[in-house]
Amino acid sequence: MSTFEQFNLPKSLQKAIDEMGLTTPTPIQEKSFSVIMSGRDVMGIAQTGTGKTLAYLLPLLKQWKFIPTDSARIVILVPTRELVVQIVDVINTLTQHMSVRTLGIYGGVNINTQKIAVRQGIDILVGTPGRTMDLALDNVVRFDSIQKLVIDEFDEILNLGFRTQVTAILAMLKGKRQNILFSATMTEEVDVMLEDYFDFPEEVSLAASGTPLEKIQQLAYFTTNFITKLNLLKALLKDEAVFERVLIFANNKKSVDLIANNLEEIFPEQFGVIHSNKSQNYRLNTMASFQAGEIRGIVTTDVMARGLDISDISHVINFEFTEIPEQYIHRIGRTGRADKSGIAISFIAPHEEEIQIQAEMLMEKEIEILDLPETVEVSIRLLEFEKDRKKVKQLLKRPKQEGGDAFHEKSAKNKKVNLGGPSKTKKKTSTSVNRNILKTRAAMRKKK
């Protein structure tokens, strides 16, 4: 069996690994180590929860040598503030027996405080692209001594709209350095970035983009609307012995607050809330409470779908199905991490079925559909935003209105032509949608 000792790490680093209780490297850590040690540019693709952070930190820290400089020699860019804090904690733990100064920078806090910290001298800088660029433009963060640039969760950095900041930072970098990029998915934008800024990168791939995590049981319930989803969620969460540590995902801040307020009435002080409107301290304190087991779960947006390593999550619940198929994989990857199994449950409304099918096709795996428990009340009442969604659909169905006799003549002709059969533009009925679902799933079974 493989152990970290095969990497021949310095005693100070190996001691920290031992104290962390780690014994066996993950596949991505094994595959990446020698490639990163070679000094070549690296493009790593691996599923979420596979140990990507240590995959690049261990070889970088093995090569660490003291140099008398106060400018960062390693710069690590990540998409979110929470991920900055997490990676800084990991680096501090790994370097507790080494002389390495690490600093995390991100927006939402006083920039002057961070300027002072940078000027005191740093070796490793971990930051979000926006704040890193701000400090670089102010000539506070300097790249004179940079030897290694790491861009982690790159596809999510692009999804969050940080492409401009990343390209600006890359344009500021001078001289020879090693570029290391890790991403959960490979997209055309990732390809373009590699071609423009990387020097013949070697690819380290753990699994094809979109491959499902086999240790996660994927289940779903078909539901009619938001209120029915709330009724189902409350019914499930009553079983505290089963739903011990839960992440509940919704697609926007308004939904998160609505879910959290409803849960607070039945399960007071058991569930926290994280989204971009919450202050940085509030978000970090909520995560710390969850990690410590002081609360049962967190209701959140996709801000927590990537990179964050919170241990022993028993269930991921997609209260609202993701709007992007790939994001479904990142969400459910919060459970079933390392050697443990997990359960992902999705509540799927009629308008979300199409994305569900796309996610299944991406994974080449079906999500098991369960019958709604008889005890769950099925509501017919729609909330205002659901009514608005229905109105939009109805508006989209209406034919374009054009004035004049010519329009009415054309309209009459079209009616005559279409009397013989259904319109080509007629919306698919639920029956035809179900047929397509069956065809898709049959194709997936055949492929297996």
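How many aromatic pairs does a search of the whole structure find? I began my notebook with that count, and the search gave nine aromatic pairs. I keep in mind throughout that this is a predicted model.

**Entry: one ring pair**

I looked up Tyr56 and Phe182, whose rings form a tilted aromatic pair, with 5.8 Å from centre to centre and 40° between the planes. Because Tyr56 belongs to helix H3 and Phe182 to strand S6, this pair ties together parts of the chain that are 126 residues apart in sequence. I then checked the accessibility of the two residues and noted that Tyr56 is buried, as is Phe182.

**Entry: other rings**

I followed the ring pairs elsewhere and found that they link Tyr221, Phe226, Phe319, Phe347 and Phe385 into a cluster. I also looked for charges over rings, and wrote down that Arg73 lies over the face of Trp64, at 3.9 Å from the ring centre. For Arg296, I noted that the charged end sits over the ring of Phe267, 5.5 Å from the centre of that ring.

**Entry: the nonpolar cores**

Which residues touch the most other members of the largest nonpolar core? I listed Tyr56, Leu58, Ile76, Leu94, Ile124, Val126 and Ile180, out of the 37 residues that make up this core. When I asked which elements supply at least two residues each, I found the helices H1 (11-19), H2 (27-37), H3 (52-62) and H4 (81-94), together with the strands S2 (74-77), S4 (124-127) and S6 (178-183). Helix H3 gives the most to this core, with seven residues.

I next took Leu58 by itself and, leaving aside residues up to four places away in sequence, recorded that Leu58 touches Phe4, Phe7, Leu9, Leu13, Ile17, Phe33 and Leu94. I also wrote down a second, separate core, which has 32 residues, including Val75, Leu158, Ile169 and Leu181.

**Entry: the chain as a whole**

Finally I stepped back to the protein chain, for which I noted 17 helices and 14 strands. The chain has 448 residues, and 50% of them count as buried. I looked up the contacts between residues at least 6 apart in sequence, and 76% of these join residues at least 24 apart; the pairing of Tyr56 with Phe182 bridges 126 residues. As for the surface, I recorded that the protein chain exposes about 22600 Å², of which carbon and sulfur atoms supply 51%.

Definitions and conventions: Residues numbered from 1 in each chain as written. Predicted model: local features only at pLDDT ≥ 70, side-chain atom pairs only at ≥ 80, totals over all residues. Heavy atoms only, no water. Core = buried A, V, L, I, M, F, W, Y, C linked by side-chain atoms within 4.5 Å. Buried < 20%, exposed > 50% of the residue type's maximum accessible area, 1.4 Å probe, protein only. Helix = DSSP H or I, 4+ residues; strand = E, 2+ residues; numbered from the N terminus. Contact = heavy atoms within 4.5 Å. Areas by Shrake-Rupley, 256 points an atom, 1.4 Å probe, with all protein chains shown as cover. Phe/Tyr/Trp six-rings, centres within 6.5 Å; stacked < 30°, edge-to-face > 60°. Lys NZ or Arg CZ within 6 Å of the ring centre and 35° of its normal.
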